[in-house]
2 protein chains.
Amino acid sequence: MAVDPSIAAQAEAAARRSEEAAEAFFRAAPPLRDRDSVAASLADFVARHSAGNGGAGGPAGVICITSGGTTVPLEQRCVRYIDNFASGQRGAAATEYFLKAGYAVIFIHRRGSKQPYCRFLPEESFLDLFELGEDSEIKVPQSHSTVVKTAISNYRKAIDGGLLLKLPFTTIFEYLQLLQMVATSMNCLGHRGMFLLAAAVSDFYVPWESMAKHKIQSAVGPLNMQLNQVPKMLFILRKNWAPSAFCVSFKLETDPNILLQKAEMALKKYGMNVVVANELANYKDVVVMVTSSGRTTVSRSSKEEDIEKQLTELLVKMHSEHITQANSEDHQTHELS
Amino acid sequence: MAVDPSIAAQAEAAARRSEEAAEAFFRAAPPLRDRDSVAASLADFVARHSAGNGGAGGPAGVICITSGGTTVPLEQRCVRYIDNFASGQRGAAATEYFLKAGYAVIFIHRRGSKQPYCRFLPEESFLDLFELGEDSEIKVPQSHSTVVKTAISNYRKAIDGGLLLKLPFTTIFEYLQLLQMVATSMNCLGHRGMFLLAAAVSDFYVPWESMAKHKIQSAVGPLNMQLNQVPKMLFILRKNWAPSAFCVSFKLETDPNILLQKAEMALKKYGMNVVVANELANYKDVVVMVTSSGRTTVSRSSKEEDIEKQLTELLVKMHSEHITQANSEDHQTHELS
């Protein structure tokens with residue numbers, strides 16, 4: 001079917017605007033402090049896992065999981081910032097389940113957010129977990145013993161096995177630069193690459209160059225602020241950074257009346273494979289997976305199991321179909337050529 | 001010296017305005033969720049430590065230390081909020097030193113901020129600290145052994161000795177309600193009570209009733225916000241909640257040119273005993289203690305020692321003079337009556 005040339009031209013113009021906005025954002029962003037060391041560990045991680053499990057026992061795939069909220073500084077010497085609520089629970093849980101499913105995981109997370117294998121430990125002072133014995137050896141009270149030992153054992157397995165790379169961020173500037181670096185280095189993985197974009201990313205920001213240099217003074221009365229929109233990077237990720245990867249994004253709303261419609265819009269607009277729609281009031285109990293072939297409601301099966309377990313199982317299955325389909329398309333192309 | 005009656009009337013009117021603003025703030029704030037249990041543990045803690053060290057070996061005093069930044073929700077079902085940068089390092093360190101000096105400490109802290117005795121442990125996943133031995137016993141690598149064991153031992157001593165009460169907050173609404181509860185229950189301690197107000201408190205907020213109910217939508221373009229000033233509660237604390245306590249507040253600025261002048265202003269305006277002035281660029285290395293009798297610069301003496309140690313020593317001395325002076329004034333009043 002022929003596409004109306006004026007619609008195609010409009011879409012192209014919109015794409016160009018998005019790309020220009022993204023370029024402007026990166027140009028103006030304060031550069032990532034440890035860019036070189038991040039780039040090196042990233043290149044090493046992707047190279048080690050690029051072979052795949054073509055019989056060699058390598059990982060099922062490589063997934064980039066983003067987690068926690070990004071901050072928007074309001075002052076260059078940052079005292080105040082706007083933050084997005086996100087404990088990081090979902091991303092930390094998904095990291096555990098994807099590791100269990102045989103994936104290598106790049107975990108881009110907000111500093112201080114929930115970490116894999118730490119979810120069931122007390123949130124505040126971890127010192128509450130420990131006691132000193134008579135010979136000042138470290139003891140864990142019986143009540144916590146299993147959970148602490150399982151956590152240490154699983155965590156060590158992931159780290160020592162080189163299957164988990166953790167990259168922390170705080171600001172929206174750091175987050176988007178990290179995402180760009182990870183996505184472009186994962187591009188070589190083709191369809192075996194996957195993105196689970198669970199971070200709560202700011203929609204608005206103050207461009208670095210127009211930001212107050214010093215702390216905003218309170219004496220002058222009410223504060224008026226104008227914030228710009230953050231460019232929609234999902235679109236750029238899909239179009240330029242990692243076009244063959246399997247992309248899952250999340251849509252969180254507090255108003256259930258607009259949720260699914262906004263998820264459908266994101267699916268089409270950014271070319272996601274799946275958009276997981278969740279409502280703030282019950283996001284731990286039920287989510288809706290929106291794809292181009294329909295909607296699937298996923299409900300938590302019991303109090304003891306978290307919803308991320310089921311979600312991961314479904315996503316692993318869909319990703320594996322995505323790989324198979326791509327391989328067979330490759331195969332057909334080869335046969336035709 | 002007689003005070004000009006018009007100036008006295010102006011001051012009284014300003015005080016009334018402050019009190020009205022504070023009342024309006026508390027009336028509109030969403031009520032603290034666990035208010036009753038906090039009130040109970042607070043009453044118990046203060047009662048246990050109200051006897052003082054009149055030879056009975058009780059604590060030198062009771063100090064309320066506030067720590068970490070407060071958030072300002074931008075939506076009632078909170079997804080976005082404005083936050084103040086503060087790791088909580090200073091409050092956590094001061095808590096350790098005041099406990100060591102024999103004080104009982106009420107630690108009002110931002111959830112997830114630095115905790116006493118945890119400052120020297122790795123910030124991210126605490127699982128990095130541990131290994132499992134052959135019989136799956138928990139081991140700490142030699143390199144961290146001393147620091148972890150000291151932390152556990154000091155922490156248990158404070159908690160088991162009933163000398164440390166930890167009260168967490170997230171929003172400005174929670175913080176100010178907690179501060180009011182703590183200050184009014186500490187009022188019975190008279191001059192033995194002390195406040196070290198190290199929390200980074202928001203200057204601006206969105207009143208609860210004028211807040212967006214649902215998540216603010218990004219599709220409509222740039223975001224314009226108007227924020228109101230938070231009432232100056234230091235003034236109310238000094239005037240109404242705990243008038244005899246020894247009060248120390250902090251002033252943080254990024255611009256050194258206005259720092260000391262703003263600290264002097266806070267000292268007079270809010271009736272503080274000490275204002276500790278610090279600059280964001282070097283607050284770990286040097287601070288200036290501003291009092292009515294002058295300024296004292298405190299510099300970190302070595303890389304190995306933190307500045308909070310010296311600061312605590314000076315403040316303990318000043319608080320003890322404050323108590324002695326009050327006792328001798330009491331004594332004189334008794335003799336005169």
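This briefing covers the symmetry, strand pairing, nonpolar cores and cysteines of the structure above. The model is predicted, and chain A is superposed on chain B by a rotation of 180 degrees with 0.0 Å of shift along its axis, at an RMSD of 0.0 Å. That is the relation of a two-fold axis, and in chain A the C-alpha nearest to this axis belongs to Ile82(A), at 2.0 Å from it. Because 100% of the interface residues of chain A are also interface residues in chain B, the copies meet through the same surface.

**Strand E3 and the pairing between the chains**

- Strand E3 of chain A, residues 80–84, is joined to E3(B) by five bridges, and the two strands run antiparallel; within this pairing, the bridge partner of Asp83(A) is Tyr81(B).
- E3(B) is also joined to strand E2 of chain B, residues 71–73, by three bridges in an antiparallel arrangement, where Thr71(B) has Asp83(B) as its bridge partner.
- Five of the five residues of E3(B) are buried, so this strand is largely enclosed by the rest of the structure.
- Arg80(B), Ile82(B) and Asn84(B) point one way from E3(B), while Tyr81(B) and Asp83(B) point the other way, and all are buried; in a regular strand, side chains alternate between the two faces of the sheet.

**An open sheet with strands from both chains**

- An open sheet is formed by four strands in the order E9(A)-E10(A)-E10(B)-E9(B), with antiparallel pairing.
- Strand E9 (204–205) of chain A and strand E9 (204–205) of chain B stand at the edges, each with a single partner strand, so one side of each is left without a neighbour in the sheet.
- Two bridges join E9(A) to strand E10 of chain A, residues 223–229, in an antiparallel pairing, and Tyr205(A) stands opposite Asn228(A) in E10(A).

**Strand E11 of chain B and its parallel partners**

- Strand E11 of chain B, residues 246–253, is mostly covered, with six of its eight residues buried.
- Four bridges connect E11(B) to strand E8 of chain B, residues 193–197, and the two run parallel; here Leu196(B) stands opposite Val248(B) in E11(B).
- Six bridges connect E11(B) to strand E12 of chain B, residues 274–279, again in a parallel pairing, in which Lys251(B) stands opposite Ala277(B) of E12(B).
- From E11(B) the chain crosses through helix H7 of chain B, residues 256–270, to E12(B), and this β-α-β crossover is right-handed.

**Nonpolar cores**

- The largest nonpolar core has 124 residues, and those with the most contacts inside it are Ile106(A), Phe195(A), Ile106(B) and Phe195(B).
- Residues up to four places away in sequence being left aside, the contacts of Phe195(B) include Cys64(B), Leu179(B), Met186(B) and Leu237(B), as well as Phe246(B), Cys247(B) and Val248(B).

**Cysteines**

- Over all chains, the structure holds zero disulfides.
- Cys118(A) is in no disulfide, and the nearest cysteine sulfur, that of Cys118(B), is 13 Å away; with a relative accessibility of 14%, Cys118(A) counts as buried.
- The sulfur of Cys64(B) is 9.5 Å from the closest cysteine sulfur, in Cys247(B), which is too far for a bond, and Cys64(B) counts as buried at 0% relative accessibility.

Notes:
Residues numbered from 1 in each chain as written. Chains lettered and ligands numbered in written order. Predicted model: local features only at pLDDT ≥ 70, side-chain atom pairs only at ≥ 80, totals over all residues. Heavy atoms only, no water. Buried < 20%, exposed > 50% of the residue type's maximum accessible area, 1.4 Å probe, protein only. Pairing = 2+ DSSP bridges. Right-handed = clockwise from strand over helix to strand, strands pointing away. Least-squares fit on C-alpha atoms with pLDDT ≥ 70 in both. Contact = heavy atoms within 4.5 Å. Core = buried A, V, L, I, M, F, W, Y, C linked by side-chain atoms within 4.5 Å. Disulfide = S-S within 2.5 Å.
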